[in-house]
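Dear colleague,

Please find below the structure that I am handing over to you. My notes on it follow directly after.

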Amino acid sequence: YPVIGTDRDLPNFVATYTAMLVTIGQIKSPDSRRNDFNAAIQSGASLPVITSPRAYVSRHATVGDGTLVMHGAVVNAAATVGQNCILNSLSLVEHGARIGDHCHCLLYTSPSPRDS
């Protein structure tokens with residue numbers, strides 16, 4: 001994809017596009033995601049929650065701004081998910097659980113011995 005700008009261009013983008021999305025993944029540290037999220041907020045951008053139509057978020061749950069809820073993820077009643085999180089495919093946030101800001105939650109499964 002062509003590069004349309006850099007972090008320095010953020011104020012110009014906010015003037016044209018009010019809603020933004022941090023598209024940096026998280027491998028070892030949330031620092032890059034946190035920095036870009038904070039820069040977007042300071043520039044006046046809105047960072048909506050993006051939820052896959054194949055995910056379930058209870059109407060009794062709270063999900064913070066800029067959080068991505070991917071395919072098959074489930075956020076149950078009374079759960080709280082912070083800002084700028086990634087709930088990866090098939091993640092499960094159970095009743096009453098609390099996930100802090102800038103977290104990356106994932107589900108890892110491996111075959112059981114009988115599947116080998």
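How many bridges join β2 to strand β5, and in which direction do the two run, parallel or antiparallel? In this predicted model, two bridges link β2 to β5, the latter formed by residues 74-75, and the two strands run parallel. Within this pairing, Val 57 stands opposite Val 75 of β5. The two strands belong to an open sheet of three strands, ordered β2-β5-β8 with parallel pairing. The edges are taken by β2 (56-57) and β8 (92-93); each has a single partner strand, so one side of each lacks a neighbour in the sheet.

I turn next to the largest pocket. Its volume is about 500 Å³. Of the 19 residues lining this pocket, those closest to its centre are Asp 7, Leu 10, Met 20, Leu 21 and Asp 36. Two or more lining residues are given by each of α1 (10-16) and α2 (31-42). The largest share, three residues, comes from α2. By residue class, the lining divides into 14 nonpolar, three polar and two charged residues.

The cysteines may also be of interest to you. The structure holds zero disulfides. Cys 85, accordingly, is in no disulfide, and the nearest cysteine sulfur, that of Cys 103, is 5.0 Å away.

Finally, I would draw your attention to Thr 67. This residue is found in the loop between β3 (62-63) and β4 (68-69). Is Thr 67 buried or exposed? Thr 67 is buried, at a relative accessible area of 0%. Its side chain has polar contacts with the backbone of two residues. The side chain of Thr 67 reaches the backbone oxygen of Gly 82 at 2.7 Å, and a polar atom of that side chain lies 3.4 Å from the backbone nitrogen of Asn 84.

With kind regards

Conventions. Residues are numbered from 1 along each chain as its sequence is written. This is a predicted model: local features need pLDDT of at least 70, side-chain atom pairs count only at pLDDT 80 or more; totals for chains, interfaces and linings use all residues. Side-chain values use heavy atoms; hydrogens and water are left out. A disulfide is a pair of cysteine sulfur atoms within 2.5 Å. On a 1 Å grid over the protein atoms alone, a cavity is a set of points where a 1.4 Å probe fits but cannot get out, and a pocket is an open set with protein on both sides within 12 Å along at least five of seven lines; lining residues have an atom within 4 Å of a point. Grid points are joined across faces, edges and corners, and a volume is the space filled by probe spheres set on the points. Helices (H or I, at least four residues) and strands (E, at least two) are DSSP runs, numbered from the N terminus. Ala, Val, Leu, Ile, Met, Phe, Trp, Tyr, Cys and Pro count as nonpolar, Asp, Glu, Lys and Arg as charged, and the others, Gly among them, as polar. Two strands pair if DSSP finds at least two bridges between them. Buried means under 20% relative accessible area, exposed over 50%, partly exposed in between (1.4 Å probe, protein chains only). A polar contact is a pair of N or O atoms within 3.5 Å; within protein, one must be able to donate a hydrogen and the other to accept it, and residues adjacent in sequence count only if both atoms are side-chain atoms.
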